[in-house]
Amino acid sequence: MTGVTVRVPAKLNLQLAVGPPRADGYHDLVTVFHAVSLFDQVTVEPAARDGVTVTGEGADRVPADQDNLALRAIAALRAEVPDQGTGGVHVTIAKRIPVAAGLAGGSADAAAALIACNELWAAGLTQSRLAAIGATVGSDVAFALLGGTAVGRGRGEQLTPALAPATQYHWVLAFADGQLSTPAVYAALDRLRAARPADPGSGAGAGAEPDLDAALMSALRSGDAARVGQRLSNDLQPAAVSLFPALRKTLTAGLELGALGALVAGSGPTCVFLAANAERALELAVSLSGAGVCRSVARVSGPVPGAAVVSAG
Ligand code: C5P
């Protein structure tokens, strides 16, 4: 085989409930993941040694060495697959998912690399085996393999697919002029909670275990976008806004322009807006971009499937 290309989606968190920090520095989560139609494309080809080329959105900010999450995932997979032949692989990542934007682009690329090498090497590992390997590289890799809408627990790597009707939801993403570091946002949340332990605005109280939002799950089952919009929640949002105050204006603008709901994507700084239908999403995207409250906008829909091979030859 000369090469395998995989397409992999960005993720949103429709709920992100964060518990207190664990001994290992991570936080236990309960989250509702939702894969949307913003895709990176990852190609792997046999090569003398491992390497990576990154093109597209934010490519200059992606490490092009062994720190690249796709290469780290491949190294972890290689340790489990004895017969992948000699030599390495060259990975080409065509990015459309912005970097450090709260959309799990790095985890997506790692997931795509696992699917691609599993195919290239005819290794035959199951998705759950790939997910376990991926979880050692990033908390969101397992979901990028699965796609759809799913409840995540633990660090986010323990997944249960959500029974969802065929409803497609229409989202507008507002990309920020800047980035946020995920560890910095979690650390800011811990500080906010330590300073104001009883403040419900800082997310679940310090020490509380996170809970799945039954009303969100019921809204998703009903397929009623207005109800879903009212239940979107993200415990990291106050922390992201404290580090990136301009997001407050973006979120307010989207709601004033008719979004059914608004929240920060994961650890930010992308803002996410739910629209009633494709037409409303287009109107909202045009108005938001005219309002000058973000760098650029994209319309996406979800749920979409997880990482999948698009060509192999
Ligand atoms: O696993 P991932 O590389 O996406 O995590 C990046 C950072 O985000 C971690 O090093 C940790 O600081 C923080 N994090 C966390 N709890 C999680 C997931 C991520 O504290 N469940």
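1. Basis. This is a predicted model, in which local features need pLDDT of at least 70 and side-chain atom pairs count only at pLDDT 80 or more, while totals for chains, interfaces and linings use all residues. Residues are numbered from 1 along each chain as its sequence is written, and side-chain values use heavy atoms, with hydrogens and water left out.

2. Main core. A nonpolar core here is a set of buried Ala, Val, Leu, Ile, Met, Phe, Trp, Tyr and Cys residues joined through side-chain atoms within 4.5 Å. Buried means under 20% relative accessible area, exposed over 50%, and partly exposed in between (1.4 Å probe, protein chains only). The largest such core holds 70 residues, and Ile 74, Leu 77, Val 91, Leu 103 and Trp 171 have the most contacts inside it. Helix α2 (residues 105–120) gives the most to this core, with ten residues. Helices (H or I, at least four residues) and strands (E, at least two) are DSSP runs, numbered from the N terminus.

3. Second core. A separate core of 32 residues includes Leu 189, Leu 236, Phe 244 and Ala 259.

4. Val 91. Contact means heavy atoms within 4.5 Å. Apart from neighbours within four places in sequence, Val 91 is in contact with Val 42, Thr 43, Val 44, Gly 51, Val 52, Thr 53, Ala 70, Leu 71 and Ile 74.

5. Strand β7. Six of the seven residues of β7 (residues 169–175) are buried. Two strands pair if DSSP finds at least two bridges between them. Strand β7 is joined to β11 (residues 296–302) by seven bridges, antiparallel, with His 170 opposite Ser 301. Five bridges join β7 to β10 (residues 271–275), also antiparallel, and there Ala 174 has Cys 271 as its bridge partner.

6. Ligand site. Which residues are around the ligand? They are Gly 25, Tyr 26, His 27, Leu 29, Gly 138, Ser 139, Arg 155, Thr 182, Pro 183 and Tyr 186, where the criterion is a heavy atom within 4 Å. Oxygen atoms of the ligand lie 2.6 Å from a polar side-chain atom of His 27 and 2.5 Å from an N or O atom in the side chain of Ser 139. A nitrogen atom of the ligand is 3.2 Å from a polar backbone atom of Arg 155. The protein covers 76% of the 450 Å² of accessible area that the ligand has on its own (Shrake-Rupley method, 1.4 Å probe; for residues, only the protein chains shown count as cover).

7. Thr 31. This residue is in strand β2 (residues 27–47) and counts as buried because its relative accessibility is 0%. Its side chain makes a polar contact of 2.8 Å with that of Asn 13. A polar contact is a pair of N or O atoms within 3.5 Å; within protein, one must be able to donate a hydrogen and the other to accept it, and residues adjacent in sequence count only if both atoms are side-chain atoms.

8. Backbone exceptions. Most residues other than glycine have a negative phi, and most peptide bonds are trans. Cis peptide bonds, with omega about 5°, join Gly 268 to Pro 269 and Gly 302 to Pro 303. Ala 104 has a positive phi of about 60° and is buried, at 17% relative accessible area. Ala 122 has a positive phi near 45° but counts as exposed, at 66% relative accessibility.
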